[in-house]
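Please read the following report alongside the sequence and the three-dimensional view. The text covers helix packing, salt bridges, a loop residue and a surface patch.

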Amino acid sequence: MKISTRLTLLIGVLSVLLVGIGGLGLYGTGASNAALKTVYEDRVVALGQLAEVQRHLGANAFWVAASSLAGNAPANAKAAQEVEGNLAKMGKVWDAYMATYLTPEESIQAKQFAELNAKLTGTAITPALASMRADNALETQRIANTVLPALYQSALDGLSGLIKIQLSVAQAEYDGAVSRYATLQWVSILSIVLGVLFAVTLGTALIRGILRSLQQATQMSQSIAHGDLSAGDAMVGKDEIGVLMTALGHMKDSLTRVVATVRQGSESVATASAEIAQGNHDLSNRTEQQASALEETAASMAELNANVKQNADSAR
């Protein structure tokens, strides 16, 4: 595998891990924000609305009881006005609450409370309004003492059940967020650890491979530079260092052939030079022999010339 491919693989895997961890972080943040939004819009707001409904229920019970105790027209008129205002306000708040998201359990409980509240309103609150407008203190006292307490307590219990559901759902959202955070935390830690191990393993193998190849290339280059062409064969590989080592091996082989050719030529020249030297030596010997023969011939000619001259003198 090429060095560039290994580096690309390393960078690619680390990038994927980085994107994955970042995505997990964004997902966790988004999920937490969604959970907080759900808790606020569907639970905190609902709790406030239910608390306001509870306050209006208590206020109506208070004004009915106050009217039954006062027993005079101004007090009855004031109580009737307050009760009517509370009923109108409570109806608006209840409608707003019912427009929020309700779990199946919450829908059942809300339906039960609506029935209990309707029974309270129809059996106790509305008749009490009528008796207060008619200044019928005895009827108001009867309703306040015998009819209202049980119905009010039943409606209050139903409303308390709704409040408990809000707290339970909010607790479930919190537990889900904690569980989700723990899962994302472990996944992130595992991804980081695996990424570091992968990077260290691949990076170490890559560094060792490059250093080993470079050392072999350096040793071969130094051997060639010092005239040693007997170095081992080049490492065969498909990466860039392998290509370099192959080229160095080809260069070493070419230099070996060139040196062998030059050596063979030098030996031929040396042989021819020796033969030429031997020929020159033989020629010199033959020349010396011919010179000696010529000297002997010259001596013979001189002696012959002297004999001829002597004979001539004798003939005179």
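Helix 1 (residues 3-70) packs with helix 3 at an angle of about 25 degrees, their axes lying 11 Å apart; here helices are DSSP runs of H or I with at least four residues, numbered from the N terminus, while axes are lines fitted to C-alpha atoms over the stretch in contact, with angles running from 0 to 180 degrees between N-to-C directions. Helix 1 and helix 3 are therefore roughly parallel to each other, given that angles under 35 degrees count as roughly parallel, over 145 as roughly antiparallel, 65 to 115 as roughly perpendicular and the rest as oblique. The crossing of helix 1 and helix 3 is left-handed, a word used when the near helix is turned anticlockwise from the far one by less than a right angle, clockwise being right-handed.

This is a predicted model, in which local features need pLDDT of at least 70 and side-chain atom pairs count only at pLDDT 80 or more, whereas totals for chains, interfaces and linings use all residues. Residues are numbered from 1 along each chain as its sequence is written, and side-chain values use heavy atoms, with hydrogens and water left out.

The axes of helix 1 and helix 2 come within 9 Å and cross at roughly 165 degrees, which makes helix 1 roughly antiparallel to helix 2; this crossing of helix 1 and helix 2 is left-handed. For helix 2 (residues 73-98) and helix 3 (residues 104-133), the axes come within 11 Å and cross at roughly 165 degrees, so helix 2 is roughly antiparallel to helix 3, and the crossing of helix 2 and helix 3 is again left-handed.

Four salt bridges are counted in the model, a salt bridge being a side-chain nitrogen of Lys or Arg within 4 Å of a carboxyl oxygen of Asp or Glu. The table lists pairs from among them.

| Salt bridge | Closest N and O atoms |
|---|---|
| Glu82 and Lys78 | 3.1 Å apart |
| Glu84 and Arg133 | 1.5 Å apart |
| Arg142 and Glu139 | 2.7 Å apart |

Glu82 and Lys78 are separated by about one helical turn, because they are four residues apart in helix 2. Arg142 and Glu139 are likewise separated by about one helical turn, being three residues apart in helix 4.

Glu84 is partly exposed, with a relative accessible area of 35%; buried means under 20%, exposed over 50%, and partly exposed in between, with a 1.4 Å probe and protein chains only. Glu82 is partly exposed at 24%, and Lys78 is partly exposed at 40% relative accessibility.

Asp135 lies in the loop between helix 3 and helix 4, where Asp135 has a positive phi of about 55 degrees although it is not a glycine. With a relative accessible area of 41%, Asp135 is partly exposed.

Trp186, Ile189, Leu190, Val193, Leu194 and Leu197 form a nonpolar surface patch, with about 620 Å² of accessible area together. Patch residues have over 30% relative accessible area and no salt bridge, nonpolar side chains (Val, Leu, Ile, Met, Phe, Trp, Tyr) being joined within 5 Å and like charges within 9 Å; the areas come from the Shrake-Rupley method with a 1.4 Å probe, and for residues only the protein chains shown count as cover. Ile189 is placed in helix 4 (residues 137-225) and counts as partly exposed at 39% relative accessibility.

Methods. Helix = DSSP H or I, 4+ residues; strand = E, 2+ residues; numbered from the N terminus.
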